[in-house]
Amino acid sequence: MTSGASGSADRRGKIAIVGGIRPCGPGDEPPWSEEAGARAASEIGAALAKAGYDLIVYSSAEKFVERDVVGGYLSVEPVRAGSIHVRPPYVGPSIDFPHAPEHSDVFVVRHEAGTDWEIAYYRSLREADGVVLLGGGRTTLITAMVATAFDIPVAPVAAFGGGARKAWVTLGRNENSATPEEISTFGAAWRTGSAESVVAALTGQGERHRSLETQRKTAQRRIAYRANAGLVLGALLLVAGLATIPLVYAGDGNASLTLIGLIAGSLLTATAGAITRTAVDRGDGWGRAAVLGMSAGAIAVLLFISAQLATSPDLLSGPDARRLLFFVLSVGFIAGFTFDAVYAKVRQQDALHGAGLQAVLPDGQEHSGDR
């Protein structure tokens, strides 16, 4: 697989070419000639062909660099069919590239709707795996900003001024995927071998982008897996908690079994609620949430039961104790699902003055100074 491949054996990376070697404004007297810029563009085209990349171009007009880049690209044999993707508007820029008649199978023309060259260009960036900027003006500079915003590797060749040089300056000031060595390569004076260095730097950016994208997708899959595992575990704990209802009723009023069912069932449903909530919200981290939810459920259930015992001291030893299961399991799940709210309430000053605790304490003991 060539270095221009973008991660799969059947798809080659596409590099968009933008720019123009010409004075960019009144009084602009560049230290380079248009002939030197044309040679540099041709060398870049040849280097991209050797690296195994496809091209995305827009116009064969002499004022744009695509004409010379395509010429250099076609000079490297063999030329792969369908490797030059032309994206012009329906009418406007010329697409009669040199040597096109001899390489008719190489060019794939797809007209974009409308007559605005810039619209056609910006739309095409969605399919680009990298962008080479050479000279140019405002559109070239904007292209660099768009490419950077969408994490598309960009190679602004600063040696021929224009928008590409401004883009290079911006690239060096902002944090991006280009290393300091690659930024230095883009800003160096043009000499023999510069084209290969620029393409190698662009390839390095692309490899890092693909590596980061792979890591991001792997992390997303891991989070999704943990979320699904958490939901399954939460469901199993909820079923186990609900299973205490028939177990307790099968005990024929055994007080010890009823008490065990109340405690175990509430803790199971509280843990299920915490895991379910965390798995839905964040995907992972539900191990810590399980402990917090179980503790919050235990606190809430104890306060609930204490309030019932205050009015019915013999409740747990009587037949009505089994009916508490339906309430306790619900309270446990809700407390576990909203464990952060439970802990926030506990932190408040009046948390210890809840109805359940007040009912358990003898009259006047809560505020008594007696020991």
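Axes here are lines fitted to C-alpha atoms, for helices over the stretch in contact, and angles run from 0 to 180 degrees between N-to-C directions.

**View 1. Helices α8 and α10 cross in the predicted model.** In this predicted model, helix α8, which spans residues 255-281, and helix α10, which spans residues 324-337, have axes that come within 6 Å and cross at roughly 30°. Because angles under 35 degrees count as roughly parallel, α8 is described as roughly parallel to α10. The crossing in which α8 passes α10 is right-handed. On the side of α8, the contact is made by Gly261, Leu262, Gly265, Ser266, Thr269, Ala270, Ala272, Gly273, Ala274, Thr276 and Arg277, while α10 contributes Leu324, Leu325, Val328, Leu329, Gly332, Phe333, Gly336 and Phe337. Sorted by class, the residues in the contact of α8 with α10 are ten nonpolar, eight polar and one charged.

**View 2. Helices α5 and α6 pack against each other.** Helix α5, made of residues 162-173, packs with helix α6, made of residues 180-187, at an angle of about 165°, and their axes lie 10 Å apart. Since angles over 145 degrees count as roughly antiparallel, α5 is roughly antiparallel to α6. The crossing of this pair, α5 and α6, is left-handed. Trp168, Leu171 and Gly172 of α5 make the contact with Ile183, Phe186 and Gly187 of α6, and the residues of this contact divide into four nonpolar, two polar and no charged.

**View 3. Six strands form an open sheet with parallel pairing.** The strands follow the order β6-β5-β4-β3-β7-β8, and the edges are β6 (107-109) and β8 (154-157), each of which pairs on one side only. On average, and with direction ignored, neighbouring strands of this sheet are turned by 20° against each other. Strand β5, residues 84-86, runs parallel to β6 and is joined to β6 by three bridges; Val86 has Val109 in β6 as its bridge partner.

**View 4. Confidence falls under 50 over residues 354-362 and over residues 364-371.** The chain averages a pLDDT of 80, and 82% of the residues score at least 70. Over residues 354-362, however, pLDDT stays under 50, and the model has eleven contacts beyond four places in sequence for this stretch. Over residues 364-371 pLDDT likewise stays under 50, and for these residues the model has five contacts beyond four places in sequence. Where pLDDT is low, the predicted coordinates should not be read in detail.

Technical notes. Residues numbered from 1 in each chain as written. Predicted model: local features only at pLDDT ≥ 70, side-chain atom pairs only at ≥ 80, totals over all residues. Heavy atoms only, no water. Helix = DSSP H or I, 4+ residues; strand = E, 2+ residues; numbered from the N terminus. Parallel < 35°, antiparallel > 145°, perpendicular 65-115°, else oblique. Left-handed = near helix turned anticlockwise from the far one by under 90°. Contact = heavy atoms within 4.5 Å. Nonpolar A, V, L, I, M, F, W, Y, C, P; charged D, E, K, R; others polar. Pairing = 2+ DSSP bridges. pLDDT = per-residue confidence, 0-100.
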